[in-house]
Amino acid sequence: MRSSSNTSSSRTINDGRTHYKITRTVTGSDGKTYTETVEAVDDDAVNLMRDLRLRDNNVTDMNRFDSSSWTNPIKVSQSSTAAKRPTVTQDNKEFVREALQVHNELRRKHGVEPLKLNNDLSKLAQDWANHLASTGTLVHSKTKYQNVHVGENLRSQSWSITGKDMTEAWYNECNKYDYNNYRSYQSGTGHFTQVVWKNSQEVGFARAQGTSMNFAVAMYYPAGNFLGEFDKNVFSPR
């Protein structure tokens, strides 16, 4: 059986900001399927949509979502005509503190234990955030911790990224999640399910500034979003 892939994208506009979400589902030669989602945000719809491109490549199935790297990453950029957004001043220490706090407030709503901050994961996340900023691309890493792949959420936007806004943007995918349809992947919900995944216990956060875009990375251990395990790890809010 030959490997195949399918891509889809969506665009929404909130408060004058254009949000793009692109999902790719790949079926490997062994018949297994995984799905990966990335998100980018910018104010200039025409220029960003021109830059966001997904290209097929043959990636070995990993039996989970949001963990493998794309051979041809998404190039993200900001148009010189895009409107400037107000800058929220938040140093890296406050960014990490706020991201962890909001993650755990949201996890509490779903009846799961809080995440613990792992400095080693934060260092790994920082390495990848720096890479994304230096290349201007949005692509998942193949990072391993304790010899297994980590879970990973990414975000890119043209204005400053705060821990609260980043986490809430991922969590807001809950509006699309059907708790009665846990046996199959639900497009556009992978960031949310990783945030509240019960079996994930530790997390690291980082961000970096590129030439025209800002990037944020969260790495989770153990990773979430395994096929066949959503009913044991993603619960409706209390």
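In which helix is Arg107 found? I looked it up and placed Arg107 in helix α2, residues 92-109. Helices here are DSSP runs of H or I with at least four residues, strands are runs of E with at least two, and both are numbered from the N terminus.

**Basis.** I am working from a predicted model, in which local features need pLDDT of at least 70, side-chain atom pairs count only at pLDDT 80 or more, and totals for chains, interfaces and linings use all residues. Residues are numbered from 1 along each chain as its sequence is written, and side-chain values use heavy atoms, with hydrogens and water left out.

**Arg107.** The cut-offs are under 20% relative accessible area for buried, over 50% for exposed, and in between for partly exposed, with a 1.4 Å probe and protein chains only. I then listed contacts (heavy atoms within 4.5 Å). Leaving aside neighbours within four places in sequence, the partners of Arg107 include Val112, Glu113, Pro114, Leu115, Gln194, Val195 and Trp197. For Val195, 88 residues away along the chain, I noted a C-alpha separation of 7.3 Å from Arg107.

**Nonpolar cores.** I took a core as a set of buried Ala, Val, Leu, Ile, Met, Phe, Trp, Tyr and Cys residues joined through side-chain atoms within 4.5 Å. The largest has 24 residues, and Phe95, Met166, Phe192, Phe205, Tyr220 and Val234 have the most contacts inside it. Two or more residues come from each of α2, α4 (163-171), α5 (190-196), β10 (202-209) and β11. The most come from α2, which gives six. A second, separate core has 17 residues, among them Leu121, Ala206, Met213 and Val217.

**Backbone.** Most residues other than glycine have a negative phi, and most peptide bonds are trans, so I looked for exceptions. The peptide bond from Tyr221 to Pro222 is cis, with omega near -10 degrees. Pro222 is found in the loop between β11 (214-221) and α6 (230-233). Asn225 is found in the loop between β11 and α6 too, with a positive phi near 65 degrees. Asn225 is buried, its relative accessible area being 0%. Gln146, which is not a glycine, has a positive phi of about 55 degrees. I found Gln146 in the loop between β7 (144-145) and β8 (148-149).

**Salt bridges.** How many salt bridges does the structure hold? I found three, taking a salt bridge as a side-chain nitrogen of Lys or Arg within 4 Å of a carboxyl oxygen of Asp or Glu.

- Glu94 pairs with Arg97, their closest N and O atoms being 2.7 Å apart. Both lie in helix α2, three residues apart, about one turn of the helix. Glu94 is partly exposed at 28% relative accessibility, and Arg97 is partly exposed at 40%.
- Glu168 and Lys164 meet at 3.0 Å, N to O. They are separated by about one helical turn because they are four residues apart in helix α4. Glu168 is partly exposed at 29%, and Lys164 is partly exposed at 36%.
- Lys232 and Asp231 meet at 3.9 Å, N to O. Lys232 is exposed at 51%, whereas Asp231 is partly exposed at 31%.
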